[in-house]
Amino acid sequence: CRRDAAGRWLLREPVGRSHRSRRLLARIGRARALPEVPIDVALSGEAELAPGLLAVPAPGHTPGSYCYVDTARGVAFVGDLVISHRRHLSRALRAANANDAAYERTLAAFVTRAPAIGCAGHGTPVHDFAAQLTELARQPRRRVTSPLGVARRVVRLFRFARMLTAVRRRRE
């Protein structure tokens with residue numbers, strides 16, 4: 001986060017490569033600029049926000065990212081730390097991460113505190129979250145340069161888009 005001229009805390013502008021493209025498109029009138037979002041309290045490090053609600057730093061995808069763990073209920077809200085698919089979790093794309101090495105370290109570190117249920121920013125809640133996150137963190141990041149890697153990525157992205165479309169239709 002950063003302070004504006006009036007001294008208010010504002011969320012830092014998104015910095016991932018995909019966000020840079022969005023800012024460029026906004027400048028030429030092809031996309032809306034993201035609004036500045038004021039915040040009440042800037043966190044620094046791990047913090048208990050309320051009894052049983054823990055904020056855990058999760059840098060990598062974007063600077064200043066946090067995951068939130070409801071220790072009383074055994075649920076984590078992990079934002080873009082992972083993407084939830086029907087049968088597995090996947091990593092955020094390298095191109096979407098501000099710092100992929102920091103992202104990988106965060107992924108490996110969060111395994112030690114992952115509860116049974118996880119809610120990602122994209123996808124559906126996962127009820128064997130700790131086990132799936134542990135498995136994902138053990139696997140090396142796949143290269144997309146091979147033809148098989150490209151084919152797998154295309155299929156996975158297609159399925160993810162189809163799932164998001166179905167979720168949106170249910171909401172309407």
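## Close-up views of a predicted model

**Figure 1. The contact between helix 2 and helix 3.** In this predicted model, the residues of helix 2 that meet helix 3 are Leu107, Ala108 and Phe110, and their counterparts in helix 3 are Phe129, Leu133, Leu136 and Ala137. Classified by residue type, this contact of helix 2 with helix 3 comprises 7 nonpolar residues, with no polar and no charged residues. Two packed helices are described by the angle between their axes and the distance between the axes. Here the axes of helix 2, residues 100-110, and helix 3, residues 129-138, come within 9 Å and cross at roughly 140°. That angle makes helix 2 oblique to helix 3, angles over 145 degrees being the ones that count as roughly antiparallel. The crossing in which helix 2 passes helix 3 is left-handed.

Figure 2. The buried residues shown in helix 3 are Phe129, Gln132, Leu133 and Leu136. Because they cover an arc of only 100° around the axis, they lie on the same side of helix 3. An α-helix has 3.6 residues a turn, so residues three or four places apart point the same way. On the face of helix 3 that is turned away from its buried side, the exposed residues are Ala131 and Arg138. The cover over the buried residues of helix 3 includes helix 2 together with strand 7 (75-84), strand 8 (89-91) and strand 9 (117-122).

**Figure 3. The buried side of helix 2.** In helix 2, Asp100, Ala102, Tyr103, Thr106, Leu107 and Phe110 are buried. These residues are on the same side of helix 2, because the arc they cover around the axis is only 155°.

Figure 4. Leaving aside residues up to four places away in sequence, Leu136 touches Val82, Leu89, Ser90, Arg91 and Leu107. Computed along the sequence, Leu136 and Ala108 are 28 residues apart, while their C-alpha atoms are 9.0 Å apart in space.

Figure 5. Ser90 belongs to strand 8 and is buried, its relative accessible area being 4%. When residues up to four places away in sequence are not counted, the residues that Ser90 touches are Val82, Ile83, His85, Leu136 and Arg156. Ser90 and Arg156 are 66 residues apart along the chain, and a distance of 9.5 Å separates their C-alpha atoms.

Figure 6. Apart from residues up to four places away in sequence, Cys67 touches Leu54, Ala55, Val56, Ala58, Phe77, Val78, Leu81 and Phe110. For Cys67 and Phe77, which are 10 residues apart along the chain, the separation between C-alpha atoms is 5.8 Å.

Figure 7. Ala76 is part of strand 7 and is buried, with a relative accessible area of 0%. Among the residues that Ala76 touches, not counting those up to four places away in sequence, are Phe110 and Phe129, both of which also take part in the contact between helix 2 and helix 3. Between the C-alpha atoms of Ala76 and Cys119, which are 43 residues apart along the chain, the distance is 6.0 Å.

**Figure 8. The setting of these views in the whole protein.** The protein contains 4 helices and 9 strands, which follow one another from the N terminus in the order β-β-α-β-β-β-β-β-β-α-β-α-α. Of its 172 residues, 30% count as buried. Of the contacts between residues at least 6 apart in sequence, 53% join residues that are at least 24 apart.

Notes:
Residues numbered from 1 in each chain as written. Predicted model: local features only at pLDDT ≥ 70, side-chain atom pairs only at ≥ 80, totals over all residues. Heavy atoms only, no water. Axes fitted to C-alpha atoms, helices over the stretch in contact; angles between N-to-C directions. Helix = DSSP H or I, 4+ residues; strand = E, 2+ residues; numbered from the N terminus. Parallel < 35°, antiparallel > 145°, perpendicular 65-115°, else oblique. Left-handed = near helix turned anticlockwise from the far one by under 90°. Contact = heavy atoms within 4.5 Å. Nonpolar A, V, L, I, M, F, W, Y, C, P; charged D, E, K, R; others polar. Buried < 20%, exposed > 50% of the residue type's maximum accessible area, 1.4 Å probe, protein only. Arc of directions from axis to C-beta.
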